[in-house]
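Hi there,

As promised, I am handing over the structure, and my notes on what turned up follow below it. Have a look at it first, then read on.

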Amino acid sequence: MNTRTFGKTLALNLGRVIFALVLLVYLIPILWMYSSSMRSNGEIVLDPLGLPTKIDFSNYGIAWEAADMGRHFLISFTITSISMVIVVVLSTLAAYAFSRLDFSGKKTLYIFFLIGLILPVQSFLIGLFIMFRTMGLLNSLWSVILPVSAIGLPLSILLSKNYFDSLPSSLEESAFLEGAGTFQVYRLIILPLSVPIIATVITFTVIGVWNEFMIPFVMIQNSSLRPLTTSLYVFSTKYSANYALKLAALTMIATPMFIVYFAFQSQVQKGITAGAIKT
Amino acid sequence: MKKNNRHILFVLPALGLYSFIMIFPIALTLFSSFTEWRRFIPESFGTLEHYSRLFTDQVLVKAFRHNLTYIGLTIVLEGFAGLVLAGIAQYMKKSLGFRAILFAPVILPSIVIGTLWRQMYATNGGLLNALRNLVGLEPLVWLAPPYTMLSVSMVSGWIFAGYFMTIFYASLSRIPTSVLESAEIDGAGPVRTFFQIQVPLIKNMIMLALLVITTGGFKGFDLFQILLRRDPLQSGIVLPTYLIRTFFEHKDIGYGSALSIVLTLVVLIIMGLINFGNKRFVGEVDEY
């Protein structure tokens with residue numbers, strides 16, 4: 001064995017060792033969450049590394065009741081689905097006009113939307129709070145739905161416009177010859193051809209909105225209207241000493257997300273990295 | 001398509017929502033930062049008091065220092081870690097499952113990850129101190145000085161190393177294999193090939209990652225709030241948490257607005273600097 005192949009084998013084996021260690025760093029916290037969620041709080045504090053002595057889901061039921069999780073699941077679901085519809089409809093409409101139609105000020109308006117890509121949420125959060133407070137919108141689901149939808153628009157418009165630009169114009173030309181209007185072309189020709197980009201927009205919007213923490217943290221103080229994220233924050237403050245209940249609650253939120261993620265892994269990765277990687 | 005100004009109707013719904021939620025409130029924040037408030041009632045406009053207060057605010061200095069520490073640590077724990085993992089992954093057969101697992105935290109809500117890590121960091125009954133105990137080390141108070149910023153950054157790294165690995169892996173896999181083959185013929189080992197040939201070829205993506213991490217380092221709120229809660233010692237106070245506390249807990253509307261303008265300017269300046277640096281020093285390269 002010459003030194004060159006020796007060096008290569010060494011590097012590859014070092015890589016394998018790093019891989020194995022990194023994998024442990026990711027798996028141990030998750031396994032600990034699952035394992036501890038089935039133990040009693042006393043057992044966890046006494047021996048954090050111990051394993052459950054029996055399969056016991058009683059923490060789950062107690063946490064579900066104590067955190068009123070059914071209610072907050074429903075609120076998160078409502079916020080997420082309404083925002084998803086708003087983002088998809090508004091961004092494809094606008095992107096269609098930016099890609100296919102012509103009107104005065106088109107370029108300026110497009111750039112105006114792109115500014116939204118670089119604005120931190122904190123730049124408008126305070127003004128928004130003052131505005132919503134004046135309008136009496138605080139402590140309503142709209143105080144979360146409207147901001148999270150607006151935040152999703154710039155990237156969705158950018159990606160949809162790029163996608164529409166890549167579609168051939170021959171189809172719509174013949175539709176226009178047959179007398180179709182611009183809205184009909186959008187609805188009957190462009191939208192059906194845009195399933196891939198709409199799927200991407202839906203992916204990052206749904207995950208982003210479902211996970212949103214700061215906006216409901218600021219806008220909703222009424223505990224019966226909190227989405228899952230901030231309701232869990234309040235729950236874990238209230239039960240700060242009860243690890244078992246908290247970990248059971250986390251497990252119930254994380255598990256369905258893991259299942260969806262691993263089932264649609266490449267689509268989800270593509271959706272979340274869409275802003276960074278050109279599709 | 002012929003020019004027709006009625007086409008703007010397609011843009012109006014998005015334009016309305018976007019302006020109403022994101023643009024108008026910025027103007028309102030700016031206005032509010034020059035206003036004297038008594039709680040939520042504006043009293044007079046035209047004061048510079050909130051801006052002059054910025055220069056004597058020791059907490060702001062502390063928060064800013066924490067942001068910089070956080071950025072330094074996350075560049076290593078998110079960006080560099082992601083880069084190295086992407087480099088290793090391309091040599092491994094069947095790295096798909098591995099990459100999928102490392103990406104998984106990215107999709108979880110910050111509240112789930114933050115609460116889980118808060119438990120792991122717990123002094124008694126926490127996973128990390130139990131592991132330290134196993135190898136005979138003293139327990140640490142993880143979420144207190146001097147470890148606060150490191151502990152928060154480790155959670156960030158745990159979440160986003162997989163994200164950056166994924167985008168770097170995608171860029172690396174677009175480099176033509178001929179480039180790697182010629183490097184191997186020249187006798188370069190995997191490590192040298194990676195750092196001297198592949199990394200320079202994806203520097204555009206690396207600059208983008210740097211931009212995301214540095215601006216993210218000034219925007220991040222969730223993990224600081226969830227891991228440190230009220231943080232009475234301010235050992236992990238950063239601009240976003242300081243801003244929210246000033247505004248919502250102390251009901252200091254004017255100064256909170258000024259802080260929000262500062263945060264916005266800092267993020268925009270960083271973007272400008274990195275963009276400038278990118279054009280000036282990295283230049284146009286083939287994009288992979």
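Of the 288 residues in chain B, 43% are buried. This is a predicted model, and chain B has a mean pLDDT of 93, with 97% of its residues at 70 or more. Within chain B, helix α5 (residues 110–121) has the highest confidence, at 98, while helix α8 (residues 177–185) has the lowest, at a mean of 83. For the complex, the predictor reports an ipTM of 0.94 and a pTM of 0.94.

On the overall build, chain B contains 13 helices and two strands. Its C-alpha trace spans about 75 × 75 × 35 Å along the principal axes. If you take the contacts in chain B between residues at least 6 apart in sequence, 74% of them join residues at least 24 apart.

Next, the place where the chains meet. The contact draws 78 residues from chain A and 73 residues from chain B. On the chain B side, helix α1 (residues 12–33) supplies the largest share, twelve residues. Sorted by class, that side of chain B has 51 nonpolar, 18 polar and four charged residues.

The nonpolar core is worth a look too. The largest one has 148 residues, and those with the most contacts inside it include A:Ala94 and A:Ala249 from chain A, along with B:Leu85, B:Phe164 and B:Leu227 from chain B. Which residues does A:Ala94 touch, leaving out those up to four places away in sequence? The partners are A:Ile157 in chain A, and B:Phe10, B:Val11 and B:Ala14 in chain B.

Helix α12 (residues 239–249) has nine of its eleven residues buried, so it is largely enclosed by the rest of the structure. Among the buried ones are B:Pro240, B:Tyr242, B:Arg245 and B:Phe247. Just after α12(B), B:Lys251 takes a positive phi of about 50 degrees. Helix α10 (residues 203–219) of chain B has 17 residues, and the distance from its first C-alpha to its last is 24 Å, close to the 24 Å expected at 1.5 Å a residue. Its buried residues are B:Met205, B:Ala209, B:Ile213, B:Thr214, B:Gly217 and B:Phe218.

The strands of chain B make a contrasting picture. Strand β1 (residues 35–38) of chain B pairs with β2(B) in the antiparallel sense, over four bridges. Is strand β2 (residues 41–45) of chain B largely enclosed or largely in the open? The number of its five residues that are buried is zero, so β2(B) lies largely in the open.

Now for some backbone details to check as you go through the model. As background, most residues other than glycine have a negative phi, and most peptide bonds are trans. The peptide bond that joins B:Pro145 and B:Pro146 is cis, with omega about 0 degrees. B:Pro146 sits in the loop between α6 (127–134) and α7 (148–172) of chain B.

B:Arg229 is not a glycine, yet its phi is positive, at about 50 degrees. This residue lies in the loop between α11 (222–228) and α12 of chain B. B:Arg229 counts as partly exposed because 14 other C-beta atoms lie within 10 Å, a count that falls between the 12 or fewer of an exposed residue and the 20 or more of a buried one.

With 15 C-beta neighbours inside 10 Å, A:Asn139 is partly exposed.

One last stop in chain A is A:Ile62, in helix α3 (residues 58–66). This residue is partly exposed, with 15 other C-beta atoms within 10 Å. A:Ile62 and A:Leu245 are 183 residues apart along the chain, and their C-alpha atoms are separated by 7.3 Å.

Technical notes:
Residues are numbered from 1 along each chain as its sequence is written. Chains are lettered from A and ligands numbered from 1 in the order in which they are written. This is a predicted model: local features need pLDDT of at least 70, side-chain atom pairs count only at pLDDT 80 or more; totals for chains, interfaces and linings use all residues. A nonpolar core is a set of buried Ala, Val, Leu, Ile, Met, Phe, Trp, Tyr and Cys residues joined through C-beta atoms within 7 Å. Two residues are in contact if their C-beta atoms, placed from the backbone, lie within 7 Å. Ala, Val, Leu, Ile, Met, Phe, Trp, Tyr, Cys and Pro count as nonpolar, Asp, Glu, Lys and Arg as charged, and the others, Gly among them, as polar. pLDDT is the predictor's confidence in each residue, from 0 to 100. The expected span of a helix is 1.5 Å times one less than its number of residues. Two strands pair if DSSP finds at least two bridges between them.
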